[in-house]
Amino acid sequence: MSQEQPQRPGASQEPIKYGDVFNVTGELASKPIGPKDAAAMQSAENKILGETPKGGAAAVMQSAAIANERAGVVSHNRADVAGDQGVAVIKSDADGDVMITEAVAGLIVGQYRQPDVSAVTTPAMLVDPGSITIGEALEAAAISAADKPIDQSDAAAIQAAEMRATGSSEITQRFEDQATLSDVLSDATAMLPKDKAVSREDAERVVAAEVRNNPGMSTTPGGVGAAMAAAAKRNQNSTI
């Protein structure tokens, strides 16, 4: 299929606006998304979150801005909103989790929550021998979210946990259609060729993998990421 040639500003093609990709109204909804707006959001995410989450506001804005610039309906230096009115990424406490709120020109364009592992600081090699291991955390998820069918975010979290436990990129878990967390994780300790106590970094990696692969940018209550975060906190407290 032949591709359309980029159009110059003022051509008939409509730019992608904030209202096309975010649930916003008013003046912002009618504003085209430009490259500098997207860059400003990416900078804010990197500063507050330490990364640009897959499916987050910056990623959505970057895709729209690239399409707009290629179509010739915005210029490379365009900054309709972010440059003048600002973007914001805010982390706040929410019942033991972290709430991430992203805003453009004072209007919320994204909001999601994830388990808080920020208080965990103990390196894996200093964890007490009686601490919770990755295999045990996975088995806890098999109980607390037993009947949940495994989706892409669960699979990504499980694979990230296995890699943290074994130190290898080779994955042994394979997921059949309609398999539940209980089906796959009930004997995780026995299935893992190697295991280790859950550290803060382990929990962060698993939570990030789960959030990146969830369209809602969140973790499952009682699921793999939540179980890893809880285990990391427990291990931290056991050394105090």
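This is a predicted model: local features need pLDDT of at least 70, side-chain atom pairs count only at pLDDT 80 or more; totals for chains, interfaces and linings use all residues.
Start with the helix pair. Two packed helices are described by the angle between their axes and the distance between the axes. Here the partners are H3, residues 35-49, and H4, residues 57-70. Their axes come within 8 Å and cross at roughly 160°. Angles over 145 degrees count as roughly antiparallel, so H3 is roughly antiparallel to H4. The crossing of H3 past H4 is left-handed.

Now look at the side of each helix that meets the other. H3 contributes Pro35, Asp37, Ala38, Met41, Gln42 and Glu45 to the contact. H4 contributes Ala57, Ala58, Met61, Gln62, Ala65 and Glu69. Sorted by class, the contact holds seven nonpolar residues, two polar ones and three charged ones.

Next, move along the chain to Lys148. This residue sits in the loop between helix H6 (134-144) and helix H7 (152-166). Which residues does Lys148 contact, leaving aside its neighbours within four places in sequence? They are Asp154, Ala179, Thr180, Leu181 and Thr220. Take Leu181. In sequence, Lys148 and Leu181 are 33 residues apart. In space, their C-alpha atoms are 5.9 Å apart.

An unreviewed UniProt entry lists "domain: SMP" for residues 16-71, 132-169 and 180-237. Consider the span 132-169. It is 68% helix and 0% strand. Its end C-alpha atoms lie 22 Å apart.

Notes: Residues are numbered from 1 along each chain as its sequence is written. Side-chain values use heavy atoms; hydrogens and water are left out. Axes are lines fitted to C-alpha atoms, for helices over the stretch in contact, and angles run from 0 to 180 degrees between N-to-C directions. Helices (H or I, at least four residues) and strands (E, at least two) are DSSP runs, numbered from the N terminus. Angles under 35 degrees count as roughly parallel, over 145 as roughly antiparallel, 65 to 115 as roughly perpendicular and the rest as oblique. A crossing is left-handed if the near helix is turned anticlockwise from the far one by less than a right angle, and right-handed if clockwise. Contact means heavy atoms within 4.5 Å. Ala, Val, Leu, Ile, Met, Phe, Trp, Tyr, Cys and Pro count as nonpolar, Asp, Glu, Lys and Arg as charged, and the others, Gly among them, as polar. UniProt positions are given in the numbering used here, feature names are shortened, and annotations may be inferred rather than shown by experiment.
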